[in-house]
Amino acid sequence: MSSVLARIDFNKIFSELERVKARVVGIQLPDGLKFRTKEIVERFEEKYETIISSSHAFGACDIDISLLDVVDILVHFAHTPVIELERVIYAPYFYDYSFERIKKYLGMIEDRRIALAGTAQYAWKFPELKEFLEEEGFIVELGKPSGRIKLPGQILGCNYSVLRETTSNILFIGDGLFHPRGAAIYTGRRVYRYNPLTDEFGEVEEEVEKFRKERCFQISRALQRLDEGVGIAVSSKPGQNRLLLAKKLKLKAIGRGIEAHIIYFDDLSPEKLLNFPFGFYVNTACPRITYEDYKRYEKPVLTPSEFELVVKGKDFGELKVDELF
């Protein structure tokens with residue numbers, strides 16, 4: 001079995017499938033695991049008929065609900081649950097990493113008091129990492145999970161609530177810049193980041209500044225197109241659906257004299273917006289669409305909090321990350 005698949009608890013999955021007497025099983029994989037589709041499906045096909053989802057799976061909120069119409073149960077790989085859905089099994093995988101590799105970078109951390117943060121693939125090991133760092137002379141804060149968050153210190157791209165009760169600068173464990181950058185903006189604190197996959201250590205200050213400038217630019221673009229109206233995008237996905245928020249934003253827009261309409265999507269994409277006549281859009285679905293994919297969209301796409309700045313005429317310095325709870 002590949003090292004990736006070794007991190008998945010297949011025994012737990014099969015026990016649940018037997019318990020519910022499933023016959024037809026849906027398989028949903030994130031893009032990074034789709035190249036392992038054959039290996040994964042082979043493990044099921046001795047006992048079950050399988051149907052593979054072609055949908056993205058950017059997070060546990062990104063469930064292929066339509067596939068549930070034709071299967072008994074859906075196995076959603078790679079993520080811890082953010083909402084509990086009937087007939088959905090979540091199959092997270094966890095990355096094991098060496099504390100000794102981190103040790104050589106500890107001298108670059110100026111603070112002796114730090115808060116741990118990371119995605120689920122790495123946060124599972126935080127209680128052990130906390131003990132290790134304390135033995136190295138650090139005072140370590142580890143935020144408690146609640147709601148969408150299942151592990152101490154775990155953050156999502158749309159939820160940084162474990163950092164709310166902490167006060168220290170942050171040591172992020174994980175890959176990529178999206179999450180540590182969000183942690184820096186959410187808290188206003190210094191964020192150190194360590195990537196166990198590449199054994200890289202650094203900070204995110206420059207990335208945060210670039211991000212702020214880009215978001216201010218997108219808001220400025222939207223301000224120039226107020227007379228064309230705004231389309232408020234709502235996702236049909238249960239973990240991303242914020243229809244009530246969209247209705248509130250629509251009322252605020254109308255109160256400011258901005259024409260506003262709600263548009264309902266399964267997956268929001270540039271192609272689906274092409275034929276709409278609005279000057280800009282507000283995305284109430286996954287914040288990553290706004291923050292990471294904005295260059296793919298011809299017209300500005302704002303978060304709800306950014307649109308609030310437009311409506312209220314507030315200073316751009318009040319930018320904050322968009323969160324789902």
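In the predicted model, residue K21 is placed in the loop that runs between α2 (10-19) and β1 (24-28). The phi angle of K21 is near 55°, a positive value in a residue other than glycine. Most residues other than glycine have a negative phi. K21 counts as exposed, because its relative accessibility is 70% and the threshold for exposure is over 50%. A positive phi, near 90°, is also found at A78, again a residue other than glycine. A78 lies in the loop between β3 (73-77) and β4 (88-91). With a relative accessibility of 3%, A78 counts as buried, since burial requires a value under 20%.

The protein chain as a whole contains 12 helices and 13 strands. The C-alpha trace spans about 60 × 55 × 30 Å along its principal axes. For 325 residues, a compact globule would have a radius of gyration near 20 Å, and the 21 Å of the protein chain agrees with this expectation. Of the 325 residues, 56% are buried.

The structure holds 22 salt bridges. One of these joins the side chains of E39 and R36, with an N to O distance of 3.0 Å; E39 is partly exposed, at a relative accessible area of 32%. In another, E203 pairs with R190, and the closest N and O atoms are 2.8 Å apart. Because E203 belongs to strand β9 (residues 200-203) and R190 to the loop between α7 (178-187) and β8 (191-195), this pair ties together parts that are 13 residues apart in sequence. Both partners count as partly exposed, E203 at 35% relative accessibility and R190 at 29%.

A further salt bridge is formed by the side chains of K237 and D267 (3.4 Å, N to O). This pair links distant parts of the chain, 30 residues apart: K237 is in the loop between β10 (230-235) and α9 (243-255), and D267 is in the loop between β11 (260-265) and α10 (270-273). Salt bridges with shared partners join D62, K237 and D267 into one network.

On the surface, a patch of negative charge is formed where E42, E45, E49 and D72 gather. Of these residues, E49 is found in strand β2 (residues 49-52). E49 has a relative accessible area of 48% and is therefore partly exposed, as the exposed class begins over 50%.

Definitions and conventions. Residues are numbered from 1 along each chain as its sequence is written. This is a predicted model: local features need pLDDT of at least 70, side-chain atom pairs count only at pLDDT 80 or more; totals for chains, interfaces and linings use all residues. Side-chain values use heavy atoms; hydrogens and water are left out. Patches are made of residues with over 30% relative accessible area and no salt bridge: like charges are joined within 9 Å, nonpolar side chains (Val, Leu, Ile, Met, Phe, Trp, Tyr) within 5 Å. Accessible areas come from the Shrake-Rupley method with a 1.4 Å probe; for residues, only the protein chains shown count as cover. A salt bridge is a side-chain nitrogen of Lys or Arg within 4 Å of a carboxyl oxygen of Asp or Glu. Lys and Arg count as positive and Asp and Glu as negative; His and the chain ends are not counted. The place of a charge is taken as NZ of Lys, CZ of Arg, CG of Asp or CD of Glu. Helices (H or I, at least four residues) and strands (E, at least two) are DSSP runs, numbered from the N terminus. Buried means under 20% relative accessible area, exposed over 50%, partly exposed in between (1.4 Å probe, protein chains only). The radius of gyration is taken over C-alpha atoms; the globule rule is 2.2 Å times the number of residues to the power 0.38.
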